[in-house]
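Keep the model in view as you read.

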Amino acid sequence: MYTQSFNVQDSSAGLKSVPPPAVENPEAQARFDHKIDADGKIEPQDWMPDGYRKTLVRQISQHAHSEIVGMLPEGNWISRAPSLKRKAILIAKVQDEGGHGLYLYSAAETLGTSRDQMLEALHSGKAKYSSIFNYPTLNWADVGVIGWLVDGAAISNQIPLCRCSYGPYARAMIRVCKEESFHQRQGYEALLTMMGGTEAQKAMVQDAVNRWWWKCLAMFGPPDADSPHSAQAMRWGIKRISNDDLRQKFIDATVPQARVLGVTLPDPDLKWNEERQHHDYGTIDWDEFWSTVNGNGPCNKERLATRVKAHNDGQWVRDAALAYSSKQHNKSLKDAA
Ligand code: 3HC
């Protein structure tokens, strides 16, 4: 449903203007600017402004954390999946999310930050991860809706990142998007099956859609006028499409899918605007969004505690892997002597 053809003309309408950067190294800066203007890729060994590096570390590490924390709401349902087929699909999907986190941590490491630093920031509550993973998964339909809407929103945001100016991030995103596309389809297919079932199953799907719809719209981030990072990130070719434009594209793509599925999207103001050639939609509750982003959503504390416990419980695995690798290293030194 979402493919590379989702790419559209880059846009920056509605964003604040970007002040010229403070020049730390004029010649290197000129080479960097030239590459960005020519839509080239910046690689780890290339000179880059500090702000560019910091923005990438912030965004890529937050993205990695989102993938890892994002394993938790659906992981809860692996043992309760309604059939062996659904269980196998869900295990594969949750495992994919773990893999995405690992590619993304690796991409961030190429910028000079360590995995330990990033994990410390997550576990101490300093680093952000996506707001969407702080809501509960109450029934099986939530798993389908996460695939359809949450992964659908994630892909809409991530396809343009395949063209990000930073090479390692862009390349990681190509594989991530292919896998996310499978995640979105499996969610939609699970919901189609439920909508062909009993009245109780149909009601579960509608209830899950009602609870997740607005949270998914907020996932794209604050409105462009309130997004402090967007203008600079777009100038640097990190972001290609603004938060509001992506949100609009997601809504326009999702409305016909909801119609086929037979569910109602819970927004009385949602309607096609002939003049704009887009859907109009109601007001997102940004107070609720910021409260969740700032640690006060319904599951923030539980998610972080589960994540920290999983990390601590895995210490013996990391110790064993390091002991094995040091043993192998010593053996190869001995053999070479
Ligand atoms: N949840 C939590 N924080 C959010 C957020 C969200 N949904 N949207 C924005 N924010 C935060 C930003 O991180 C920033 O905080 P900071 O200054 O402390 O870092 C602040 O709000 C202001 O927002 P901006 O729009 O100015 O920030 P960005 O330019 O970074 O845009 C973004 C936000 C669109 C999320 C961008 O960072 C991005 O595209 N990131 C990469 C994709 C990503 O991280 N997706 C998360 C979901 S991954 C996922 O869903 C996994 C999948 O398997 C389902």
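The chain has an average pLDDT of 93, and 93% of its residues score at least 70. Here pLDDT is the predictor's confidence in each residue, from 0 to 100. Residues 1-12 fall below 50. Beyond near neighbours in sequence, this stretch still has 33 contacts in the model, a contact being heavy atoms within 4.5 Å.

This is a predicted model, where local features need pLDDT of at least 70, side-chain atom pairs count only at pLDDT 80 or more, and totals for chains, interfaces and linings use all residues. Residues are numbered from 1 along each chain as its sequence is written, and side-chain values use heavy atoms, with hydrogens and water left out.

Now the spaces. On a 1 Å grid over the protein atoms alone, a pocket is an open set of points with protein on both sides within 12 Å along at least five of seven lines, while a cavity is a set where a 1.4 Å probe fits but cannot get out. Lining residues have an atom within 4 Å of a point. Points are joined across faces, edges and corners, and a volume is the space filled by probe spheres set on them.

Start with the largest pocket, of about 1000 Å³. Its lining has 44 residues, and Gln62, Ser130, Asn157, Met219 and Gly221 lie nearest its centre. Several helices give two or more residues to this lining, among them H2 (50-69), H4 (84-109) and H7 (167-195). Helices are DSSP runs (H or I, at least four residues), numbered from the N terminus. Which helix gives the most? H6 does, with 7 residues. The lining has 20 nonpolar, 14 polar and 10 charged residues. Ala, Val, Leu, Ile, Met, Phe, Trp, Tyr, Cys and Pro count as nonpolar, Asp, Glu, Lys and Arg as charged, and the others, Gly among them, as polar.

The second largest pocket has a volume of about 350 Å³. It is lined by 15 residues, with Arg115, Leu119, Arg307, His311 and Arg318 closest to its centre. Two or more residues each come from H4, H5 (115-123), H12 (300-313) and H13 (315-336). H4 gives the most, with 4 residues.

Finally, look inside. The structure holds 1 cavity of 30 Å³ or more. The largest cavity has about 40 Å³ of space. Arg86, Ile89, Leu90, Trp140, Val143, Gly144, Gln186 and Ala190 line it. H4, H6 and H7 each give two or more of these residues. By class, 5 are nonpolar, 2 polar and 1 charged.
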